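Let's read a protein model together, one feature at a time. Have a look around before we start.

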Amino acid sequence: MAETSSPAEGRITLFSPYKMGKFNLSHRVVLAPMTRCRALNGVPHAALAEYYTQRSTHGGFLITEGTSISNTSAGFPHVPGIYTEEQVEAWKKIVDAVHAKGSIIFCQLWHVGRASHQVYQPGGGSPISSTNKPISKRWRILLPDGSYGPYPKPRALDTYQIQEVVEHYRRAAINAIRAGFDGIEIHGAHGYLIDQFLKDGINDRTDEYGGSIGNRCKFLMQVVQAIVSAIGADRVGVRISPAIDHLDAMDSDPVRLGLAVVERLNKLQLNHGSRLTYLHVTQPRYTAYGQTESGRPGSEDEEAHLIRTLRKAYKGTFICSGGFTRELGMQALADGDADLVSYGRFFISNPDLVLRFKLNAPLTKYNRKTFYTQDPVVGYTDYPFLSQGNGRQEPLSRL
């Protein structure tokens with residue numbers, strides 16, 4: 001549960017300390033997981049160490065970019081993996097560098113499912129999913145040559161094949177701990193593989209993984225159970241986005257879906273006698289298209305209702321993400337709508353975002369054109385610090 005802010009502050013803010021399970025955080029600004037496409041051939045290297053350490057603060061919490069759990073799970077060029085020994089060894093150097101700055105870091109485990117392409121699949125095969133329905137032409141996939149193309153038709157997993165994918169998640173979690181990560185986040189959001197099982201707008205299965213809401217939650221819960229049994233609940237976070245329509249991930253009743261997931265996570269925690277590290281929920285305003293599951297713009301009231309309903313129901317640390325500003329983050333914490341707030345795009349262009357938020361200083365604008373390039377410096381580690389000129393981050397403890 002949240003720690004109270006100091007008497008001088010009078011209320012909980014982005015800069016109030018927080019005890020997240022066994023981790024003592026000095027503030028509540030979280031680095032959100034963001035795909036950056038800088039791990040050449042799937043292996044993280046020195047540029048990633050620089051990127052993450054730039055954004056580290058003593059007692060801060062970082063979540064890595066989506067990290068592939070197998071050779072079938074990528075849907076962007078040059079995303080890191082955590083399924084080979086070479087990748088594990090490479091991540092160790094990055095984790096050590098982040099720990100040297102005093103930060104806590106979790107690895108986000110990712111399988112994109114149908115949000116892939118033959119070019120990213122072994123032998124040029126079809127991407128796997130809960131369905132054989134492709135993502136609509138409304139969306140385009142980034143290809144290795146920098147062009148964009150249509151998403152291909154996926155291959156629906158046979159029932160017996162699903163346990164193999166669950167095992168890939170379990171092994172990836174073990175590998176992450178071997179690499180020194182403090183824990184992992186299961187990416188169950190944003191139209192990727194787990195979300196493709198959760199959402200009734202995608203999942204058209206007639207086996208035990210389709211149809212009822214309980215069946216659609218089954219794959220996620222098997223992944224969570226397998227990982228919790230392998231590394232412990234106190235090292236596991238889960239990310240969901242019940243109301244996000246990114247990559248056609250629509251559901252007819254997102255509040256009911258979100259509550260069904262929360263109910264199952266709460267029960268799992270009770271059965272294991274320990275809590276998950278956190279639940280991470282993305283608000284509908286995350287998507288660039290700004291649409292709800294019905295295809296109409298979502299209102300702030302609808303978003304607030306969803307988040308507050310899930311926040312009230314979940315028994316544990318609750319992280320919000322999706323289009324938050326400094327002011328909106330402060331308000332969410334003050335209103336009790338979240339324990340922590342994760343930031344993505346602002347953190348890309350402001351490696352010292354925590355300091356800037358603390359001082360309420362101007363933010364550097366980000367350049368979308370360099371979000372997914374492979375340059376190890378430009379648009380990645382070359383954004384300026386507030387202490388312009390020396391390239392060093394001013395320690396938060398000096399404030």
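Q: How many bridges join strand 12 to strand 13, and do they run parallel or antiparallel?

A: First, some ground rules: this is a predicted model, where local features need pLDDT of at least 70 and side-chain atom pairs count only at pLDDT 80 or more, while totals for chains, interfaces and linings use all residues. Residues are numbered from 1 along each chain as its sequence is written, and side-chain values use heavy atoms, with hydrogens and water left out. Strands (E, at least two residues) and helices (H or I, at least four) are DSSP runs numbered from the N terminus, and two strands pair if DSSP finds at least two bridges between them. Here, strand 12 (residues 278-282) and strand 13 (residues 318-321) are parallel and share four bridges.

Q: What do the eight strands close into, and in which order?

A: They form a barrel in the order 3-4-5-10-11-12-13-14, with parallel pairing. On average, neighbouring strands of this sheet are turned by 25° against each other, direction ignored.

Q: Where is cysteine 37 found, and is cysteine 37 buried or exposed?

A: Buried means under 20% relative accessible area, exposed over 50%, and partly exposed in between (1.4 Å probe, protein chains only). Cysteine 37 sits in the loop between strand 3 (29-31) and helix 1 (46-54), and counts as buried because its relative accessibility is 0%. Its phi is near 60°, a positive value in a residue other than glycine.

Q: What about phi of asparagine 360?

A: Asparagine 360 has a positive phi too, near 55°. This residue comes in the segment after helix 10 (353-359) and, at 48% relative accessibility, asparagine 360 is partly exposed.

Definitions and conventions. Axes fitted to C-alpha atoms, helices over the stretch in contact; angles between N-to-C directions.
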